[in-house]
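Please examine the structure shown below.

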Amino acid sequence: MKAPRTIVHIGYPKAGSTFLQEYMATHPELDSSLEAMDALAEPAGSMPLRPAADGRVRLITNEKISESLIAADDGSVWSRNKFVPGTWEDTAKHTRIDPVETARRVRDGYGAERVLIVIREQAAWLHSAYKYYLPNLPAQRRGFADFCATSIGRVYLELGHYDRIIEPYIDVFGAQHVLVLRAEMLRNKPEQFAAEFCQFAGIGYRPIPQGSANVGSSNQAAALRARFPVIDHLPAGVRRMGSTVLSRLSSGRGSMFSDAETAEIRSRYADSNRRVERLLQDVEKAVVSP
């Protein structure tokens, strides 16, 4: 395949997206830009884009693409209800999760030719998302079940069915124009991740540096914020100092989820994950076929 002019990176939040965006921004053959997603969600949205500089491959990235939200009428309802438990029924009257329409708008609005999708094991992904959004939850409703009851939580639970995201992009762009990689590979096998991405993008290999980005709070700090919401009102410097101390006292590994919660999450997505594997096999066959 010849090198594409435009690639869209659909990075799930808390799946290495920020770190990967930083890597992409340093590649000399990529013109990487973080584009606003407001227009994409609106019924008459259009995405005016500047041309890629110096003939480089344009790479469009924004985590919001993965949410696949399309505003039916009043888009402000989503912003108002996003972190409020028990609001999804109201939100769903005005905003829908529509990966098929989102894929079409990505193709038509961005002029995209190829799509990179990065996914992460769901229990670890939801754990990171919950920790990240925890400070936005109401003071007395900060458990994982409360997060799942918010509008953003309901969206995340749906999007954890990765097959429902991957398949529409395969249908719209063609299997040979969709690359699905895993955040676990980005962490554990960065050389392989970089090689597969660069080959797909039609650009020279550039290694992924060691490091991380937008890691978020430790499990201990998150647990304290869930139990003592007053922490959110402390000066930012005091919170950072406390987080630093907690990180030094513990490894920060593990999960705030109980074994039962983790098992329930994995059971929820077991069928979806099997379907993802079948989809990826179809993609591989499409790539190797003459």
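The model is a predicted one, in which local features need pLDDT of at least 70 and side-chain atom pairs count only at pLDDT 80 or more, while totals for chains, interfaces and linings use all residues. Residues are numbered from 1 along each chain as its sequence is written, and side-chain values use heavy atoms, with hydrogens and water left out.

Strand β3 also pairs with β2: five bridges join these strands, which run parallel. Within β3, L59 is the bridge partner of S32. Helices (H or I, at least four residues) and strands (E, at least two) are DSSP runs, numbered from the N terminus.

How many residues of β3 are buried? Five of the five are, so the strand is largely enclosed by the rest of the structure. Buried here means under 20% relative accessible area, exposed over 50%, and partly exposed in between, with a 1.4 Å probe and protein chains only. The cover extends to both faces of β3: V57, L59 and T61 are buried on one side, and R58 and I60 are buried on the other.

These pairings form part of an open sheet of five strands, ordered β2-β3-β1-β6-β7 with parallel pairing. Its edge strands are β2 (30–34) and β7 (178–182), each of which pairs on one side only. From one strand to the next, the twist averages 20°. Strand β6, residues 114–119, is joined to β7 by five bridges, and the two run parallel. Opposite V115 stands V178 in β7.

Helix α1 (residues 17–26) lies across β1 (6–11), β2, β3 (57–61) and β6, and runs at about 155° to β1. Such angles run from 0 to 180 degrees between N-to-C directions, with axes taken as lines fitted to C-alpha atoms, for helices over the stretch in contact. Contact means heavy atoms within 4.5 Å.

K14 is located in the loop between β1 and α1; although not a glycine, K14 has a positive phi of about 65°. With a relative accessible area of 13%, K14 is buried. S68 lies in the loop between α3 (64–67) and β4 (69–71). The phi of S68 is near 55°, again a positive value in a residue other than glycine, and S68 is buried at a relative accessible area of 1%.

As for cysteines, C148 is buried, with a relative accessible area of 14%, and C198 is buried at 2%. The structure holds zero disulfides, a disulfide being a pair of cysteine sulfur atoms within 2.5 Å.

Finally, the protein chain as a whole has 16 helices and seven strands. Buried residues account for 47% of its 290 residues. Of the contacts between residues at least 6 apart in sequence, 79% join residues at least 24 apart. The chain exposes about 14600 Å², of which carbon and sulfur atoms supply 51%. Accessible areas come from the Shrake-Rupley method with a 1.4 Å probe, and for residues only the protein chains shown count as cover.

Key:
Pairing = 2+ DSSP bridges.
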